[in-house]
Amino acid sequence: MGVADSTRSPAAVAELRKALEHTRPVVLAEQQRLPLLKAFQDVFPGGGLQRGSIVHVGGAAGATAVALALVAGPTQAGSWAACVGLDHMGWAAAAELGVHVPRVAVIQTPAQSWPNVTAALVDSFDVVLCGPQHTPSPQDARRLTARARERGAVLMIISGETLGIAQPPRPWPAMADVELCVVQAEWFGVAQGSGRLRQRRITLQVGGRRSLSRSQRVELWLPDISGAVAKADAVQAVIPTALTPTALLMEAG
Amino acid sequence: MVVFCADWPAVATTQPAEKPLVVVQANRVTSLSQGARKHGIARGFTVREAQAHCPAVQVVEYNQQRDARAFEFVLATVEQFVPRVEVIEPGHCAFPTLGPSGYHGGDRALAQLLLAQIQATAGQAVGLPQEGSTTLECVVGIGIADGPQAAQIAAKESILCPGVLQPIVVQTGKTAEFLSALPIERLAVATRSAHSSGLAIAEMFDVLRRLGIRTVGRFAALPLADVSARFGSLGMSAYRLATGYETTPLNLADPSANVSFEAAIDPPAERVDQVAFVAVELAEQLHAELSGRGLACSRVLVVAETDAGDCIERLWRHEGALSAADIARRVRWQLDGWLSTGRSLGRCSGGVQRLELIPDQVIADTGMQLGFWGGTNNATERAIQALDRVQALLGADAVKLPQFRGGRSLCEQYQLVAINAVDVFAQERSSGGSSSSGPTTEAGSSSGTGPWAGRIPLPSPTVVWSELVQAELFDAAGHSVGVSGRGVMSAVPVRCRMGTGEWHQIEHWAGPWCTEQRWWDAIGHRRRARVQVVCDAGAHLLTLEAGQWWVEATYD
């Protein structure tokens, strides 16, 4: 009885905790994570993209921009990114969002060699972006996930609904570690025939498997008035609504 | 003694020397013939610049295999006088002259003999395997000095001397004196190794030039401590060469570390690729064993023996930089040349029965120092290797890099260029400064763009459709909306449809931005009007051309 008390006493617990701190194996957390832009650092635990994780970006509109903004951080820090099945990417927009375009490679592959090619890319690239053009079978998806985890590569899958003009997209068959879904996207700067698209406010729903990310909603300006990515609760109160019309309108008929 | 054949890649293409010819790698000229030099082309030019100097110049892609196979002829000649030759790279070979000089009557006599013999062999009509009988004309420089690096410098100097080609012999101990009058960039040979980046070397020489130290003699007069403090190990190796001491490996491992890797090929291999396959396995064993013991070797001796008893040995410079595949490739070159020349000269017969790899000059491995600031880092090299593998799977066109080109329309601004045409390392060097500051929230806008009138205003759309999708833009009355010649919309657009999808109500819209391109050109004339449309299916950029609306891009 006395023994049980002494092991439960707060002093003993505090001592055990200190011993745990000293004997815990040291893993450099920075090496396990790829850096991100400041606006995204609150979204992901630890402020970075966990190596070996699968990230799925989807939603009504804005999935591609979110994926590009996520890739911007690692490419600026020196990692290389590979894009498979993303033939229609706008690289000017990528450069504006901060992606270091000289470190991106685009691979065009027919559907039957897609799993082999992606596996080869996951081996050596830090970030692999997969577009909606190809969808793997569940076995291939599982194999790729395991390989990405082993090699410490981040596999980012984009499946937006707006991209479904040409063909309807099919989502990744398995559950991803981090699921980002664009719930709402609102453009500012355009009115009825005047102005231009200037900035967009998106609402991201963050979810995912296990405890890798907590389910939450984040509001971002992507892009904001200067073209970069910023958090929406920053001082951006001035939203230009009334703009002088730049073109005359003529009634029909 | 070092035998240096000038512009070997250009010579190996077996074209006559007066014909202007350039060898290119990643769109840059790496080697050129005499004829090309007369027109003013120099190394480092792009293909365009070379063609501007001489429109008739022939452009040949760099091929190490061809260079190595052709170099075997020169090596066969040299081996008649010297037992063991070390190949630094195709075009360069070195060997110690202690024994052979004594046999042939002195250093200078041996050099003259070699020079005459090589020029005679190159002048003969010797049949190369695929190209048929042809001649190899090349300028050969021979240099003799205390160590291999000083000898390389001497060999290059002998080519630059005007008049008849004379080998340069540097007396023992007079290396520093010989080097003192030369410009300082010659010391680059001492710093060239797998352990330093070209950027750091160029920077060091640039700083020295600006400090007023233009010759090797003045560099050698600097205090050693200052050079070491300012330039580190790079400066030290250059300094050592300038004062006449070679950077030979100092800490040789004990002799018990002598290992050799041997494989018996049974039945004897007639074909070179069978032997190359065995060589890959042996090379991997060699790497595993050496790295397991913490050693590295600076040379590899490759010994091949046929079943008739003929044996060929060749030393290949390694410097810890050759992978197993690289060693197998060198074995292939060695055997290619040997079997083709040997068979024609009746020197070897039968198949290869034994292959042995012996690491030479084994030293303790100090590891590779990767560059701190900029330079190529590990990630770039890994990425390039992976892209090579993907290229092998899918073909050369499957791997592309987006390159900034500048333009008015969205598909012109960035173009996907096949990776073979892009010099990735040069790109990495030029953009290295911008990335070292870490991830920032600033928008990385493309640099150095001129004002393209008629450009889409920023922010740019994230999805640019290369195959345009037909769209329809209707007003409230159900008619298609048009844009007049003065840039005025004919009606307010109310609903739109992309492709054969469903109709979407337009919430906001902006525009039109009209551009008329090349009005003077009957074929290139384009009149377009662009409109930004926000509907419940997202924001799109629609283009009106010739009465038909298309979806050009999506702000996804």
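How far apart should the ends of helix H4 of chain A be, at 1.5 Å a residue? Let's start there.

Helix H4 of chain A covers residues 63-76. That is 14 residues, so the helix should span 20 Å. In the model its end C-alpha atoms are 20 Å apart, which agrees. What follows H4(A)? Gly78(A) does, and its phi is positive, near 115°.

Now the contact between the two chains. Chain A puts in 72 residues, and chain B puts in 68 residues. Several elements of chain A each supply at least two residues to the side that touches chain B. Three are helices: H4, H5 at 91-97 and H6 at 114-124. The strands are S5 at 104-107, S8 at 178-190 and S9 at 195-207. Which element gives the largest share? H4(A) again, with seven residues. And what kind of residues make up this side of chain A?

S5(A) is joined by two bridges to strand S15 of chain B, residues 399-404. The two strands run antiparallel. Look for Val106(A): opposite this residue, in S15(B), stands Lys400(B). On pairing in general: strands of a sheet pair through backbone hydrogen bonds, either parallel or antiparallel.

Back to S8(A) and S9(A). They pair in the antiparallel sense, over ten bridges. One pair to find on screen is Ala185(A) with its bridge partner Ile202(A) in S9(A). The two strands form a hairpin, with four residues between them. Gly193(A) sits in that turn and has a positive phi of about 90°. S9(A) also pairs with strand S10 of chain A, residues 216-221. That pairing is antiparallel too, over six bridges. Here Val206(A) stands opposite Gln216(A) in S10(A).

On to chain B. It has 556 residues, and 35% of them are buried. Its secondary structure comes to 18 helices and 22 strands.

One sheet in chain B is worth a look. Three strands form an open sheet, in the order S3-S2-S4, with mixed pairing. S3(B), at 28-32, and S4(B), at 58-61, stand at the edges. Each has a single partner strand, so one side of each is left without a neighbour in the sheet. Neighbouring strands here are turned by 40° against each other on average, direction ignored. S2(B), residues 21-25, pairs with S4(B) in the parallel sense over four bridges. Within that pairing, Leu21(B) has Gln58(B) of S4(B) as its bridge partner.

Last, confidence. For the complex, the predictor gives an ipTM of 0.78 and a pTM of 0.58. Chain B has a mean pLDDT of 78, and 83% of its residues reach 70 or more. Where should we be careful? pLDDT stays under 50 over residues 369-376 of chain B, a stretch with 21 contacts beyond four places in sequence. Residues 433-448 of chain B are also below 50, with 39 contacts beyond near neighbours in sequence. Where pLDDT is low, the predicted coordinates should not be read in detail.

Notes. Residues numbered from 1 in each chain as written. Chains lettered and ligands numbered in written order. Predicted model: local features only at pLDDT ≥ 70, side-chain atom pairs only at ≥ 80, totals over all residues. Expected span 1.5 Å × (residues − 1). Contact = placed C-beta atoms within 7 Å. Pairing = 2+ DSSP bridges. pLDDT = per-residue confidence, 0-100. Buried ≥ 20, exposed ≤ 12 C-beta atoms within 10 Å, placed from the backbone. Axes fitted to C-alpha atoms, helices over the stretch in contact; angles between N-to-C directions.
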